[in-house]
Amino acid sequence: MDFQLRPGGKTGSGGVASASENNRERLGQLALETIDINKDPYFMKNHLGSFECKLCLTLHNNEGSYLAHSQGKKHQSNLARAAKEAREAPAQPAPEKGKVEVKMFVKIGRPGYKATKQRDAETGQQSLLFQIDYPDIAESIVPRHRFMSAREQRREPPAQRWQHLLMAAEPYETIAFMPSREIDTAEGKFWTDWNRETRQFSLQFHFKMEKPTAPPNFPPGPPPLMNRLAPQPPLPDSMSPPAHGGMALPRMPPSRPVPPPPVPPPMPGAPPAPLPPMMWPPFPTEGPGTIPLPLPSK
């Protein structure tokens, strides 16, 4: 008989097998042919490829060894003890599963709603106010709302910049709005109200304030051209400013009164030269010796 696969056996050791060992292997072979080992609740195969008995906590190298153990005295006594404990133990009632009542409603259409855009007069923060009317809402039903990302819906391709605000109340259909900006979740920036008398559900939320973008910091450019001429370098103090549309002129001396031209002396024997009209003395207009004014020619 080969003892290589027996627990604790060594090759070339041991003498002649006894009658009890022969009987044990014979019972294992007989049980392997008549018993379905897969229906045994205490049979288990571990991750190492060997077999275990969960009742007796024993380890076996093959299925025949386990079947021989199951026919032995130790396993049978443990089976009797387990059956006695099961009979004496009080019957434990199975835990009741929570039942969820499914409410069935016939949809009657979409509710009427009103959306109002608002802006805070002090801070300039924008907000949206929704007012949904549910005149035929079912008894003991309170409208509900939920924010849903665009990736949760299956009707349209998801867009990262969109989100959905869902509002539902039986027996009305669920309606949705799509705000495209980030919502301010600070205290006092989001509120809801359900008026049971008017059966109107109100919801308001604020958008987050957007930081103003700083203007681009460009380097200062050259001044605009005047008369299509490039800017000139600054003039020294000794030069006067340039004339309009021309080059700079040298500084002129201060102006003096120009004397009248000299009058040539009269020639001897010649009558005196008449005075120019601008040097004539004024004519008297009243009294004796007046000169009558010339009449206008006809």
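Does Glu170 count as buried, partly exposed or exposed, and at what relative accessibility? At 22% relative accessibility, Glu170 counts as partly exposed; here buried means under 20% relative accessible area, exposed over 50%, and partly exposed in between (1.4 Å probe, protein chains only).

**Model and confidence**

This is a predicted model, in which local features need pLDDT of at least 70 and side-chain atom pairs count only at pLDDT 80 or more, while totals for chains, interfaces and linings use all residues. Residues are numbered from 1 along each chain as its sequence is written, and side-chain values use heavy atoms, with hydrogens and water left out. The chain has a mean pLDDT (the predictor's confidence in each residue, from 0 to 100) of 75, and 66% of its residues reach 70 or more. Confidence is lowest in helix α1 (residues 19-34), with a mean of 68, and highest in strand β2 (residues 51-53), at 90. Helices (H or I, at least four residues) and strands (E, at least two) are DSSP runs, numbered from the N terminus.

**Hairpin and cores**

Strands β4 (residues 112-119) and β5 (residues 126-133) pair in the antiparallel sense over eight bridges; pairing requires that DSSP find at least two bridges between two strands. Six residues separate β4 from β5 in this hairpin, and Gly124 in the turn has a positive phi of about 75°. Lys114 stands opposite Gln131 in β5.

A nonpolar core is a set of buried Ala, Val, Leu, Ile, Met, Phe, Trp, Tyr and Cys residues joined through side-chain atoms within 4.5 Å. The largest such core has 19 residues, and Phe130, Ile132 and Leu203 are among those with the most contacts inside it. Two or more residues each come from β5, β7 (163-168), β8 (175-177) and β11 (200-207), and β11 gives the largest share, four residues. Leaving aside neighbours within four places in sequence, Leu203 is in contact (heavy atoms within 4.5 Å) with residues including Leu128, Phe130, Met167 and Trp191. A second, separate core of eight residues includes Ile37, Phe43, Cys56 and Tyr66.

**Salt bridges**

The whole structure holds four salt bridges, each defined as a side-chain nitrogen of Lys or Arg within 4 Å of a carboxyl oxygen of Asp or Glu. The table includes three of them.

| Pair | N to O |
|---|---|
| Glu85 and Arg81 | 3.7 Å |
| Glu170 and Lys107 | 3.0 Å |
| Arg199 and Glu139 | 4.0 Å |

Glu170 lies in the loop between β7 and β8 and Lys107 in the loop between α3 and β4, so this pair ties together parts 63 residues apart in sequence. By contrast, Glu85 and Arg81 are four residues apart in helix α3 (residues 73-88), about one helical turn.
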